Amino acid sequence: MSDIVLSLLLFTPLVGAIVALMMGGERQKYARYVAMVFSAIPLVISLYLLVMFNMSQAGYQFLEQYTWISTSFLHIQYILGIDGLSLVMVFLTTLLVFLVTLFSFEEKERPNFFFALIMAMELGLLGVYMSLDYFMFYIFWEVTLIPMYFMVSIWGGPRRHYAAIKFFIYTHVASLIMLIGIFALAFGAASLGGSGQLVFAFDYIAAAGFSGVFQTLVFGLLFFGFAVKMPLVPFHTWLPDAHVEAPTAGSVLLAGVMLKMGSYGIIRICFEALPEGAVAWQIPMVILALLAIVYGALACIAQRDLKKMVAFSSISHMGMVLLGLATLSEFGIAAGAFQMFAHGLITAVLFMVCGIAGHNIGTRDIPLLGGMAAKMPKFAAFMMFGFMASLGLPSLVGFVAEFNIMASFFFWAQDNNVVWVVIIALSSLMLTAGYYLWAMQRTIFGRVTDRVDLSHVHDVSTYEALALGALCGLIALFGVFPALAYDFIYPVAESLAALIGVI
Amino acid sequence: MVYPDFSMIAPQIILIAMALILPGVYFLLKDEKVLAGLSMVAILAAIGSTAYMMYEQMYGDFAGIFRFDQFSALLILLFLAVVFLVVLTSLKHVERDKHHAEYYSLLLGATAGMMFVASATDLIAIFIGVELTSITSYALVAFRKNDPRAAEASVKYLIIGGLSTALSLYGFSLLYGVTGSTNLVDIGAAISAAPSGMLLVSVAAMMAGLGFKISAVPFHMWAPDVYEGASTPITTFLAVGSKKMGFVALFKVFLVCFVLGQAVMVSEIQMAFAVLAAITMTVGNVVAISQTNIKRMLAYSSISQAGYLMIVLAVGTEYALAAGIFHMITHVFMKGGAFIVVAALCYAALGEHINDYKGLAKRAPLVAFAMMLFLFSLAGIPPLAGFVSKFVLFSSAISEPGAAASMQWVWLVLIAVINSAISLYYYARVVKYMYIEEGESKEPISLPWTYALAIGICVLAVVVIGIYPEPVISACEAAAAALMS
């Protein structure tokens, strides 16, 4: 079992997508049950992996390696494997896909197609997090795009066509630049290795021993590809549009796990294959991270649309991830990776709440709302919980991540005699608390609004409450016992920091 | 008297024999279905004999002007696959027209011409093959002679084609003049001593002449008009068949004579091809964005694909040639598939305007899905065939097996990659119309089995080559080695 478990995990969603797609016409009402089953299986498998994962063993586990394409010029392999970091991301992916399916259980419009797209997306995401060959990595990276494109453009809001095509083209261009970087890595490794065959395996390329200049240049290409995905200011403009127009399920997966592909790529590819490039790019990374944190937070304050505010807060929090990574210390990399996980859980709650607001109240416009706690108590409770988690309330998961990032950044600043920059980073925490509290005050507290018709408003449905409740439980669980996830991540960060520290 | 080994051109003989028999059969039986069936039989027999000869490795020469080797065998199979798909699409498409015998007969003749080019080892043989295909194509474009658009397209094609033929013949004759031979290998042996001035005039004439055939910018303006005016199966034939023939002719003349023969100024000639390639792919893609007729859009996308293929001429290595052949093969199925979908929908009385594709996913879900696969494959989205072939083609410009990476063509690859990104815009637009926009009509569309079969073959090829390209790449490498050694 353990030698094909990753393939099993990878292709279950594909089978699920095909089966769900076939549930058209008369059989449409069964699509959601198919989706439920086929999204539960990967979750069970990932729980199995969590249990079976050997924490004391370094490197990748559950490895699967086959030759896929082998010609005189190309040597492309099918390699799957996970380490602690990928395992956490795999768990997050399967969890969110399952909960999103639960949340969207009552989807009425073309449900077979809808659930098939969710599972196609899961295929791409899992592939990205488990591939250990650049060719495969790129293929899965692109596979995530197409379902998202359809999801936004079919189930999206009024400006969905514009948002979908912008998302598609913008991120595809970034992927192509990343592909050029991958080309460069493969060609560089081939000329250093002297084999004359292009090998795309992660370990082969990481062991190539590139020169410093080469590493710096190629780091730039790959980093650009990942930065657009994360997204970092100023490459973020596709994100608010895509989020505002996307259906809730799309937003949750987009913010919860797709953005993490960018930061995961930085850790897995940029840092692992190009450690010298990482050192050379450290200052630009810190600057970009601070820019994203502060710009995202400031933009949040100005938003009228609740969902757009949450979208901008994602930019700010993903900047936080990069800030942790950019310290290049084991502490910082681990904190950044933990923030990826934490933000995945929290942002799922936030986007679900926004989806409920838009769907049940009919508007997400903050100035039109008010006093919702009286009308929709469960909704208000979940919203408050999500906002509190996101602004870093102690004992919830967001606090652990942000505290560690700030601490590692402080150490870095201290070592480089620039302690004052920590103030910039810290100021964002106040801004974050500010915009969340202010938004809550205007939407769920205060006088009940008379600017929208509240006669038909109903509270959170059972399926939605189940999904939200599970997420909130996990947020609290990992907030109190962060070691549950940290123990998986830390060894990866340790070995990376050691790799970079050698230089 | 010793006869040459006719078995080396057996596939061509089969097609030509059938082309000659068909009018007689029609005269006797007056049944269109028999004609299409007999054409199919001839094509399948030709495919079978080619495959058998490949399997038995019966490679050899015919009278010193044709050679059956891995290269010609692979391309003959490619052309036969094209005509197979075209005949399959034509079955229903021309059922309301007259002159079926001529139609199938001309189609087989044109294919035989392409196959002659594929196996030619002599300038005259190349020229005869090109002419055989061109002249039959003029008639095929004008097949619906009462349709003014077809008539206009045909006249345009005839005039441009005549000019292009004259130019290539002029180039060929100068090449003969400076080297004293029409045999490609002999030309290659003599070319390094040839005077450069005359050689350049010859190159310029051939570049322009064959440039028309492959619709390279600035010799491309006929293509959108002709593709739009011709009936769609013929457009498919021109776009994926006769254009490939132009490339084969160029590969033979430039790679075998000039690159292998190390002609004077060969690097300048390659640079000229690189510049033409960059211009061709950019113009094709940029103009395609503003097209509203789907056939014109696909025509411009064909132009840009020609630009990608011209990278092979610029780079001029054996591996690049293998990559080029690979891209030609995938292109047959993705572009051919897209045109067949257009033809099928045309038959179902859907227009050629992009607006007519609105809401197609609800009316014909499988056809829309196939079309989406073809378009995404053309845009180079993994894991489809177009991604792999572009990947191999672009990477072949940087280095080849056993050699260090060279920076010479990095700029060309960058332009090609950027173009790939641009092309996604207009391909994705069609997908958007099919899947997202609501159409005026909701009536389901059902297609005859012939179209479904043709589309199914293309889908299968696009997906299978995308996921498991290794055997095809190996065959392409063997083919390239056969031509360039």
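I began with confidence, and noted that chain B has a mean pLDDT of 91, with 99% of its residues at 70 or more. This is a predicted model, and I wrote down its scores as ipTM 0.82 and pTM 0.89.

*Entry on B:Ala223.* I looked up where B:Ala223 sits and found this residue in helix α9 of chain B, which covers residues 222-229. Is B:Ala223 buried or exposed? I counted it as buried because it has 26 C-beta neighbours inside 10 Å, where 20 or more are needed. Setting aside its neighbours within four places in sequence, I listed the contacts of B:Ala223 as B:Ser215, B:Ala299, B:Ser302 and B:Ile303. I also checked B:Ala223 against B:Leu373, and these two are 150 residues apart in sequence and 24 Å apart in space, taken from C-alpha to C-alpha.

*Entry on helix α9.* I then went from the one residue to its helix, and found that α9(B) is largely enclosed by the rest of the structure, because seven of its eight residues are buried. The buried ones are B:Trp222, B:Ala223, B:Pro224, B:Val226, B:Tyr227, B:Glu228 and B:Gly229. What covers these buried residues of α9(B) includes α5 (123-141), α6 (148-179), α10 and α12 (294-315) of chain B.

By class, the contact of α10(B) with α13(B) has 14 nonpolar, five polar and two charged residues.

*Entry on the contact with chain A.* Last, I turned to the other chain, and found 27 residues of chain B in contact with 25 residues of chain A. On the chain B side, the elements that give two or more residues are α17 (410-435) and α19 (470-483), and the largest share, eight residues, comes from α17(B). I sorted the residues of this side of chain B by class, and they divide into 18 nonpolar, five polar and four charged.

Definitions and conventions
Residues are numbered from 1 along each chain as its sequence is written. Chains are lettered from A and ligands numbered from 1 in the order in which they are written. This is a predicted model: local features need pLDDT of at least 70, side-chain atom pairs count only at pLDDT 80 or more; totals for chains, interfaces and linings use all residues. Two residues are in contact if their C-beta atoms, placed from the backbone, lie within 7 Å. Helices (H or I, at least four residues) and strands (E, at least two) are DSSP runs, numbered from the N terminus. Ala, Val, Leu, Ile, Met, Phe, Trp, Tyr, Cys and Pro count as nonpolar, Asp, Glu, Lys and Arg as charged, and the others, Gly among them, as polar. pLDDT is the predictor's confidence in each residue, from 0 to 100. A residue is buried if 20 or more other C-beta atoms lie within 10 Å of its own, exposed if 12 or fewer, and partly exposed in between; C-beta atoms are placed from the backbone.
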